[in-house]
Every structure is written in C-alpha cells, then in structure tokens.
4 protein chains.
Amino acid sequence: MSDNSFGRLLRVTTFGESHGPAIGCVLDGCPPGLALAAEDFAHDLARRATGRTRHTSQRREADAVEILSGVHEGRTTGTPLALLIRNTDQRSRDYAAIGEQFRPAHADYTYWQKYGIRDPRGGGRSSARETTMRVAAGVVAKKWLAERHGVRVRGWLSQLGEVRAVVDAGIDFDAVESNPFFWPVAAQVPELEAYMDALRKSGDSVGAEVSVVADGVPPGWGEPVYGKLDAELAAALMSINAVKGVAIGDGFDVVAQRGTAHRDEITADGFLSNHAGGILGGISSGQQVRASAAFKPTSSLRLPGRGLDVHGNAVEVVTTGRHDPCVGIRATPIVEAMTALVLMDQALRHRAQCGDVGTVAPRVPPAA
Amino acid sequence: MSDNSFGRLLRVTTFGESHGPAIGCVLDGCPPGLALAAEDFAHDLARRATGRTRHTSQRREADAVEILSGVHEGRTTGTPLALLIRNTDQRSRDYAAIGEQFRPAHADYTYWQKYGIRDPRGGGRSSARETTMRVAAGVVAKKWLAERHGVRVRGWLSQLGEVRAVVDAGIDFDAVESNPFFWPVAAQVPELEAYMDALRKSGDSVGAEVSVVADGVPPGWGEPVYGKLDAELAAALMSINAVKGVAIGDGFDVVAQRGTAHRDEITADGFLSNHAGGILGGISSGQQVRASAAFKPTSSLRLPGRGLDVHGNAVEVVTTGRHDPCVGIRATPIVEAMTALVLMDQALRHRAQCGDVGTVAPRVPPAA
Amino acid sequence: MSDNSFGRLLRVTTFGESHGPAIGCVLDGCPPGLALAAEDFAHDLARRATGRTRHTSQRREADAVEILSGVHEGRTTGTPLALLIRNTDQRSRDYAAIGEQFRPAHADYTYWQKYGIRDPRGGGRSSARETTMRVAAGVVAKKWLAERHGVRVRGWLSQLGEVRAVVDAGIDFDAVESNPFFWPVAAQVPELEAYMDALRKSGDSVGAEVSVVADGVPPGWGEPVYGKLDAELAAALMSINAVKGVAIGDGFDVVAQRGTAHRDEITADGFLSNHAGGILGGISSGQQVRASAAFKPTSSLRLPGRGLDVHGNAVEVVTTGRHDPCVGIRATPIVEAMTALVLMDQALRHRAQCGDVGTVAPRVPPAA
Amino acid sequence: MSDNSFGRLLRVTTFGESHGPAIGCVLDGCPPGLALAAEDFAHDLARRATGRTRHTSQRREADAVEILSGVHEGRTTGTPLALLIRNTDQRSRDYAAIGEQFRPAHADYTYWQKYGIRDPRGGGRSSARETTMRVAAGVVAKKWLAERHGVRVRGWLSQLGEVRAVVDAGIDFDAVESNPFFWPVAAQVPELEAYMDALRKSGDSVGAEVSVVADGVPPGWGEPVYGKLDAELAAALMSINAVKGVAIGDGFDVVAQRGTAHRDEITADGFLSNHAGGILGGISSGQQVRASAAFKPTSSLRLPGRGLDVHGNAVEVVTTGRHDPCVGIRATPIVEAMTALVLMDQALRHRAQCGDVGTVAPRVPPAA
C-alpha cells in the first residue's frame, strides 16, 4: 500500500513525478452516460497552471489532457477513465545541485527516510505537479454534480499573508475569476499585486488561506461515523501539498463561541444561520457546505537555509528552481477539485445505501 | 457502505447506540503477542467518562470492557479483538419528548434526512457515547506504540472558551492529569472552575480546543499522496463529534508566516524548530508530531431554541437530558486515541511497504 | 490488516473463537427500513447447527442471536448491525492434549507459523464455529434480496463422497429441507444414512459438494474487471472452511466443451440454455446464478495420523473432540449465506454507480 | 466503484479498451529499491501475445511497455508504477457490423444491461486485451517474489479440450516453454497441433485448463478468515476472462476422498503429500502452492449463433474478427501473473501484521 488512491466509490488514483515523462490518473466508478471530452479539462487546468502570471512559478506546461479510456462516442461508459498529461517543460538541471541535499521544511528528507531512495528532480512525487491530476479528476466530479444534482463548487483566496479578503457582503465570484489571485474583492487586487511584487523581490514566501463553498448539496450526504462528510473533506484538503489546517463552517472560531450563538436554528422558512458549514453529525444538512484550508509558505527559497546532505553533513541550501512565492495562489482549483471529488463520492455512497429514501419531509431551506 | 470502520491495516469497527443494550468495537489487524487484559482499558475509559465531576454530563456508566475474542492466555493472537461494554444508565424517558423533534445544530435532522428513520434515544448512533469505543481501541494502539516503538501520545485542553492555556514553558503533563479539564497549567484551574460554574448556571455551552503530541515517532510514517499522515490525522480528528477544525503544527498560523520563519532548519545536531508539527510531505520527520482540534459548543441546551418536528412544524426545543456544557473537556482521551490509532495504522503500513529500509542515515534529532 | 471483513458496501466483520466467550459480527451498510428481529435468525442457524442429527458434531449450542445495535422499533436504521452469540457448550478439556500438537491437514501448524501463538481450544479462530456468523449475516442479506428484488438463494448437497444427487428433473427444494443432508432427492436419503453410519463407524471422513442457485437476480450485477460477480462468489465460497474448489455454471466441465455447445443462445423468448451459470463478463445476465463448492474431508479423525509438536518432535495425533465426519453436510446454509452476501453487496454497488440506468430494453427472460 | 483495482497492499488498477488508444495500469505499493526496466516486461508479454502462432488470434500488437512513473535510475522508488501500452493494431471495422448485436455467451448483453452504453469495438473493456496489463503487473510481482523470497511461479496448460497432459513424472518446464501451448509433455505436442488445426478448420472453439505452482512460498502467508490465500487466489483466477472454475490442490477431487487419504501427514522430515495445495486454514504451509483454472471455449465464432440486437430483435450472429479458438492456450502467463500478484500482496500483508514473528520453529520441509 502506498495510497495514491482517493475516494471509495469514485476512486482517483494518480501517478507521475514532476520531471518524469508524464503524470496521469485513473478515475474509477464514474457513472455511465456523462458527456465528456478532452476540452472539458482545459478551463480548470489553466486556472491551476503555472507560468500565466508573474506571481507564480514560471514553469510552462501545455497540460493537454489525453483521455485514454472510459469514453465512447463522447460519453462515459462506466469503465475507468484514464487521463494522461505529458510533461514537457522539465528542467532537471535546476535540481542537479540539490540532488544530495535535504532542503529544510521539504519532503526531501522524509521521502529519503521512508524509502531509502528518491527522485530529486523537481521534488519528484512530492511536487505540487501531482495536483494537476486532482484538478483534472475534479472536472469530472464538478460536471457530474452539476448535471445530476445541480451542485456547484466554487473557491477563492480568502487570505494572503496578513491580508484578509473583506467579504462581509458575500463572495463576488466574478471578481474571483478576474484576477490571478482568485481574490473575491476587486478593490483589493492592486494591494495584492504590490504585496506579491515586494515579496518576490525579497526572495521570501508567504502562506495563504483558500475557502470553498458547495451550493445545492442535498441533505443526507455523508457517512457516519468515520466516513463523515467533514472528516473526508478534512482528509482531502489536508492531503494537498502545503496544507496545515482545515476548517468546516466557522472552524476554529467555534472554540470561543457559546452554544446559543453557534447553533443554527431551524424554522419552517429555513435555517437562520450556517455556523456549521452545512454539515451536522457528519451529514449534509441541505445548507451551503463551507470549508477552508491553510497553506504554509513555500519552503523552496533562494534565501539560504540550513539543511543536510545525504552524508549527514550540514549544508547551506539555496533553491534556484522555478517556485511559487505563495503556493496558495494557485490552490483554489485544487481545493475545489478535492471538494467536488469528496461530494461526488459521498453522493454515490448515499445512493448505494439509502437509494432515495433520504428525501423525506420536512426538507428545510438553507439559510438565506 | 456506512463506514463505521476506521483505519487500513489496523481496522477499528464500532457499533452501538447511546441507549441500546451495548456498544462495542472490533479491532482487526493488531499484531500477535501484545499483552492485553480487560484492566488495561480502565484508566483511559475513566478519563473519558461522564459523571466524575460536576462539569460534565451526569450519566454514570460503569464502562466495563469485556474482551470477547482475540486474546489467549493474556496475549493477542492476531485474530480480531472484540470489545464490549454494556450500557447501564440509559434514561430514554429524558428523550421521549423530543423523539419527533429536530434539535437545532444536531444530527437529528440530518440522520432523518439520510435514513428516513432514526433512533432518537440519547442521540442514538450520533451520540458521543460512541467515542467510548474509540478510547478503548486507542488503548491497544497506545500500548503497542509504546512497547514496540517507544512512542507516547499525550493530549491536553489548550483552550476553553476564551481562556487559553499559557504553556510557553512547555506542557506540564502532571498538571494535565490532576484536574478535571486536562488543563496543563495548574494555576489556571480555579479560573476554569469558576468559568464552568457560571456557564452551567447560565444554561449555555461553550467550545474548546484540544491539542495532542506524539513523542518518539520515527521518520518515515505516512503514505503519500492521499494517505498522508496529516491527512489521516485530519480525518481522524474531524470524525470526532463536534470537531469543526483540525490543525497540524502551527495550523492556521502558517497563513501569515514567511517561508524563512516557517521552515524548520536542519543541522547535524537536529532540527532547529518544529513549525511543521513533525510531518513533511505527509511523512513523519522524526520530530514531535503535533496536532489540535476545535470542538464546537454543545447544542443540547435547556435554553429554548427554534427547531422543527417531523411534520414540518416549528417547535421550541428545550433539551433536558444530561449533557456536557463543554464537550471538549472530556475529549482529550478521544483525541489521543484517534492519534494513536492513526499512528499505529501508519506504522504497520510503513512496515508493509518499506520493511526496515527507511532507517537510513542520516537521521536528524528532533528540535530540542 | 487481518481481514476478518468481507464485502465492500455491505461489510461483514466477524469475530470470536470456537471456545471463547462469544462469537459475533458487525454488518455495516445495510439499508435502513428493513424489518428485522432476533427471531429471523433462528431458522437458518438451526439448519447450520451441530448436534441435531447423529451425522454431525455433537456439540450443542443454543445459537441465540442478540441484536446489539442497528435496529429501532423493529427496523434497521442504517447504522451497523451487531449480532452476538454466546458460546455455551465449549469443552476445552477435549483439546488440552493436543494444545502442543499440530494435527495433519489442519490450520494448527499454519496459524502457529503465521502468528507465533494460537488459541488451540476447539481450533480457535480457524474453527467452523465462525461460519455461524456468516449464516447470521446471510439471513439479513437473504431478507433484503427477497423483499427488495425478489431474489431467492437456495442450496443443496449435490454430492456426498462418491454419491451424486440425481437431479436431472430439477432440484426438489422440499426434499432438501426434509432430510439432515440437504439432499434434493428423497429416494436417495436411506442410502446416505447408511453411508454415513458406516463412515462414522470407520472413524474416517469424506468430502462433499454443495451447490447453490439464486433466482430472480436482475441483469447488471457485478463489477468488471476485478470485482466480477463470479470472482467475488469464488472468494466468498473458497473462504469457507474446507473448500478446495469453486465452480460457476458448468465449472470444470467447460474444459472439454465446444463453443457451439457452451454458448447460451439468446432469442426474444429468452436464453436457450444456462451453461454460464447466469454470469457473463462478470455481470449477471438475468438468468439463474449457479455455483458449487467442493468440501474436503474433515481432518480431525480418531484414526491416528502423523503430526508434529511445537518442539518439532514427531507425534501420533488422535483427535477425540466432537467433529463432523463430513463438514459438507452442514455447509448448505453457509454457502447460501455467502452467496446472498455477495449478491446484496453487488446490488448496492450497482445502485451506486448505475442507479437505474441498467434497466434498459431489451431484457431477455432466463432459460426456462 | 467499478472495481478495476485488485489487491490490498499491492494494488493494481488497470484501464483501457481493446480498441481504444492505449491500455495501462498503475501498480501501487511496490516496495522501493527493486531493479526494474522496460525490458523486463518483454518476455512475459511475448508469451501472452497474440499473432505469434497460427493457433491464436492474429491481432499483432507490439506491446511495448512505457514506464511512466515510479522508477528512478533503474530502481523503484516506492511511488506508483504506471505502465502504458499503446494499441496499434485495432481493426474496429471488423466489429462495425455487430455494434448493435449481442453475441450469445458474451459480455455484450450484460455490459449493455449494466451501463446502458458500451464500447463494442473489439469487446471494449470486456476484451481479453485487458489481461495484457495483468501480465505486465505480474512481471513486477514475480521479480520481487524471486529476489526477496526466492519464490518462483510457473504455469502450464494441463488440459486442452479432452486432451489431458500426462504429467505423472512431474512437470517439464523446459517443455512448457518450447511449444505454443505451454504444454508440459513434448511428446504430446504434435497431437495438439493436429487437434487445433482441425478445430480451427471447423470454426468451433474449445475449453482448457491451466495449472500453476508456486515454489518457495514460506509458511504464514494468507489472512484468515476472508482474506485467505486460497480465497484471494480464487477471486484472482476467476476474474480472468472465460474462467468458470478454480481449484486449490486436489480441487473437486476432494469430494470423493477419505480424510485418511486427503490429510497431508507431517513428519520431522517433511510433509508426506500435498493434497491441500500448500494452503491450510487459508495460510500457506510452506509446501508448493498449487492451483488450476478452467477456461470456457471462446464464444466469438464464425459459426452462426442466435443472438439479439439492441432493439430486441432476434439476429443471427456471425463473428468474423480475429479470435482465439482456445483462449486457454495463451492464458498461462495470465494465471501466473495473478498468482504472483496475490502472493506478493499477501507477503506484504503478512509483514505488516506479523513482521518476522511467523518464522518460528519448527518449520517443516515441503513434500519431496
């Protein structure tokens, strides 16, 4: 077991190294009959891609998806979907110098300790390059959720370093798609541009928080008590490179809340609030599902740091490859993808056990 | 699938309702030869139990564990361990009134929507009573980890409502075991007593944060890229009743950190810090593994709240059963148990794939 | 991992040793709303039980099932069903003598080699006592299959030693239930009685073949290419104690068949034959599903055999406990149970992926 | 879930349709450090390939394996191995005529019933083309088993139609590799050549039996009670296209055996026989593991058969594509591969739970 698979009934298996010949995934369990073409992947892959703005890594990959199986005459057949993307812009020479070094705060050291061998080119398997296939798989999940259930999964960058998005009036998703940060407040974008320019110049990196909501999720998805919807969302988001924290609904803010303030009261007209993030007892309540993830600052810096080499010698590590000064910036499509994959998996699991029995009266509208 | 199982190679399956005849679990995959007796469970079950102080629910359960299988002459045999605890202090009449009501912020409504039927007595399956068996299973994992690998898993209450534990000088685990709150600072306990007395009198509830550390974890545990140690910890902790957030290492604090500050530099004498919480790329680094979980305030309140009944009518819900004003108080052993179960599972998975190959030089000491 | 679980969406986990305090199982994933009571288990458990005729082991167990969880007011709730049976007629003294001996052809030696420890009392975990819980779990599956899909699973003893059931005119299921052998031909029963009396007197044992059919299985159940209906049936039947061979449809007879003879032709009036046993490409065809299993002769004999003890010394092994001279005789309900569990699991898996899409025209009637 | 994955700790996921752009697999869980190159796959893929003799299908595929991931500098790294083979000799026009027809005894009808859609070109996913990737994955398992444990897995054709291999003197594996039938008796090969020529001329097909042995398997592999070594072998072999029966050791011959004849007695010098096929209680005994599988005759015949079309009309089906008159002839490498994959998976599972504890005295030599 090495667990490069994710999901129970909709099972994603990814493979590939950053500088290997290709990356890819197998998506098993997708229902038959879904319209699907290679073009469907372009939009989200472009959203995740590097090299589109000066604020991300300058590696440029075409990210052209080839569908190797599972589609016949434009529709899924129920057999496994295999998706392949050839790597084209590897520059392994960038990493030759550090092939024997363990960068501080990197997976270099832990892969070495675990396996006794590692592919150091571009971070090998531990590279964020792998998340490309998460996004690709997520495209299928988003499409199915939208067509079959009217569910829509959308994310945004809710914090960049110390700068928090001011979204009291709700999320402006048009704004999110109009700037390279997935930022929901157009007025703050110039500030962010300046922030990132200064950061890049300094050679340092910074953390970020990405948030996601799913609208239209019906009540009843989620499997108590270990396959809870929130538990699986937590695993899904924490499995993304650089994530160190996951919140559902109000997240860590609940610690200082009173029960009377936290509890989302219910009336015949609907829920009166949504502190729970649309999940109660691990099962969706019919409200908006809401989560967020904290991304740590990139550790690949040109500012020297103390590390070790494979011989145990102290070394000064300087990372000169093409890296993101803030990995969170490109993470929004990844967070969306993982959320969509979890939701679709739970939808199938719910259908397996409960069929349509869950759609009992009364059904409460979500909070306005 | 209903997913009452947890873990891949060390698989815990729990069963039982709050007011049913019994709760229990099956623990499959435990290596043979571990010394184990019914008495081993008493300590941690008592730590988790209700009815021991005025600050928790007054339900009193003997929580006597019967080992039904898997042990011969005092040692595990490699066959499944079945553990059983009879329920003895159910008071289902407390719940009769609300059998047709959906309490706000409770799993009542979502179970109903999912299954079209539910056992309302004491919350049925959604009750925190289920966590008793997590603690029982965790006892086995703690014991194996300690004996086989010298790993020690310990938790504490790091925040109660607005009150944060002041632990700059490190955690005083003797203090943790000396007060009903698992609080690591003896000097703050009187303050907490007063806080909880006032809270209980008010009829309201409050949230809390529980933290946990595992010392002695060797480098190499954790399975990239979906079965990462932190991803599985996140799922494990988020699956505990009332948890809404999970953090590894610095958690959400990483959002505003710079890379130069966050990265844990490595020297031949050891790591210089531990912002990462002992996990890099999803694999343990040999440093202390560190996590925390945010618990929401109990929603079962005697203060009236707006809810619905099964007929869709608005009702005023008053919950008069025996409830914890702060579920986080008793959660420390549960958090420890889930952490230990994840670690033991990962230890077995690592052994399966890598045998002893992972123990390569150089091995870096944890941060002092 | 020790794999005491079976099934993907309907997951059975059994526990318990032959002479431990109890045996039991947890059945997870059963849909909510199924009527279920402890009495439902009595009939099939009695069919499997020892001590009812002189032709089986004389151990007498009440086999009273206690439902510990998952049922509320007579219906399943969707939470795990835990079933418990206390052992009452253990006679471990029978086994004291052989606690250090490895009986030839027994799991004694292999459990010892695998685990380095074993519970020798009554065969411990390797005893056929475990199959009691398979039968109990199978009761739930049979009930759900019958009520939800009109599927009926029935078995019989098709061969006892050299004696083959003569069933050219079809299976007489009334006969099957009217004799202690589950034999489908009433006229042959006296012969079998004499056969078994002579065998018992000789101290030897003999093998048997059990067959099973499922009527009413709709087309579409089974998951290519590794979770095929026949592949999972094969695993299910081979996992029963003493089984050494599994056949689907014509089984090993296909080796010498011509394609023109084997292929089940299809007309608008239905299939013209059923050599395939109702499964094509791993998916049910809508015909009768048909399988059989070969049971080896019991190895626990009072006739001395050469074995070894734990010190490596050659010993003469004589087994004096209460054993079946033909384990196949009582195996019919076990084979039915495993078949029903596989079918129900596949039904849920099919519903998960395909919903009702599979019910497309044309649907072909099964062979008359 | 659609279950195109196989194995627990060594997990194979295959994808691809017969006439799609490519077939491939992901092998997850392979230990790091195994030497592996694309050339390693050539030998077994050639053994399985069509178009090498007149006795098999005339489709000619290069079957060149590309390793897409998981190998660095000639050694496995512990990350997933992705293997890809491009299809080059598809002739979908051969199938255009039957795109709307359901061939008798084929998966055509059941895929249609299950999914409501199917890829009819060359049988799509149900084609034996998929087994190419089983063989490729099996190469890795064979290599690891040989290097790590000295285990050797070898198969042969034990029966072709009515012709049984006469192997009383043991299997001549040199002979097996010297004829296109994997036949262990050189003297019988001319008879088989004539048999197949006549069969091909007749337009009919015939069944076959393939046998396999694994030498060097240590005692202790296999997980009771549902993940037994024999249960998983049964599933593995039954999942191969066209298999209708699986036997372990003496298989169905045990039905008529006496216990005194069947039981493999043990002496300090070793086992005296091996009727059990090296497995007791689901765990390997240290003897030779022995299994066989029955393959049905191909259903794709040019001799007309009665079938149906998608509109429910009766049609006369004539299959003119390139098909094997006996699929069992090429099945030997597939049976070997599945056996090796099961054994390696069980080896890893055993290591996970038991470490080296299983290697206790006394260890009994296999039967001479």
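In the predicted model, strand β12 (residues 243-248) of chain A and strand β12 (residues 243-248) of chain B run antiparallel and are joined by three bridges. Within this pairing, A:Val246 lies opposite B:Val246. An antiparallel pairing over three bridges is also found between β12(C) and strand β12 (residues 243-248) of chain D, where D:Val246 is the bridge partner of C:Val246.

Strand β12 of chain C, which spans residues 243-248, is mostly covered, with six of its six residues buried. Besides its pairing with β12(D), β12(C) is joined by five bridges to strand β17 (residues 289-295) of chain C, and these two strands run antiparallel. In that pairing C:Gly245 stands opposite C:Ala294.

The contact between chain B and chain A involves 117 residues of chain B and 117 residues of chain A. About 9400 Å² is buried between the two chains, with 59% of this area on carbon and sulfur atoms. Of the area that chain B buries against chain A, 10% is supplied by B:Lys114, B:Tyr226 and B:Lys244, more than by any other three residues. Eight salt bridges are counted between chain B and chain A. In one salt bridge, the side chains of B:Asp3 and A:Arg8 meet at an N to O distance of 2.7 Å. Polar contacts across the interface of chain B and chain A amount to 58 residue pairs, both residues being at pLDDT 80 or more. Helix α3 (residues 107-115) of chain B contributes eight residues to the side of chain B that touches chain A, the most of any element. By class, this side of chain B holds 56 nonpolar, 37 polar and 24 charged residues.

Chain B also touches chain C, through 43 residues of chain B and 44 residues of chain C. The area buried between chain B and chain C is about 3300 Å², and carbon and sulfur atoms give 59% of it. Four salt bridges are counted between these chains. B:Arg86 forms a salt bridge with C:Glu66, with the closest N and O atoms 2.8 Å apart. Across the interface of chain B and chain C, 12 residue pairs are in polar contact, both residues at pLDDT 80 or more. Elements giving two or more residues to the side of chain B that touches chain C include β2 (11-16), β3 (22-28), β7 (81-86) and α3 of chain B. The largest share, five residues, comes from β2(B). By class, the side of chain B that touches chain C has 17 nonpolar, 14 polar and 12 charged residues.

Technical notes. Residues are numbered from 1 along each chain as its sequence is written. Chains are lettered from A and ligands numbered from 1 in the order in which they are written. This is a predicted model: local features need pLDDT of at least 70, side-chain atom pairs count only at pLDDT 80 or more; totals for chains, interfaces and linings use all residues. Side-chain values use heavy atoms; hydrogens and water are left out. Contact means heavy atoms within 4.5 Å. Buried area is the accessible area (1.4 Å probe) that two parts lose on being put together, summed over both. A polar contact is a pair of N or O atoms within 3.5 Å; within protein, one must be able to donate a hydrogen and the other to accept it, and residues adjacent in sequence count only if both atoms are side-chain atoms. Helices (H or I, at least four residues) and strands (E, at least two) are DSSP runs, numbered from the N terminus. Ala, Val, Leu, Ile, Met, Phe, Trp, Tyr, Cys and Pro count as nonpolar, Asp, Glu, Lys and Arg as charged, and the others, Gly among them, as polar. Two strands pair if DSSP finds at least two bridges between them. Buried means under 20% relative accessible area, exposed over 50%, partly exposed in between (1.4 Å probe, protein chains only).
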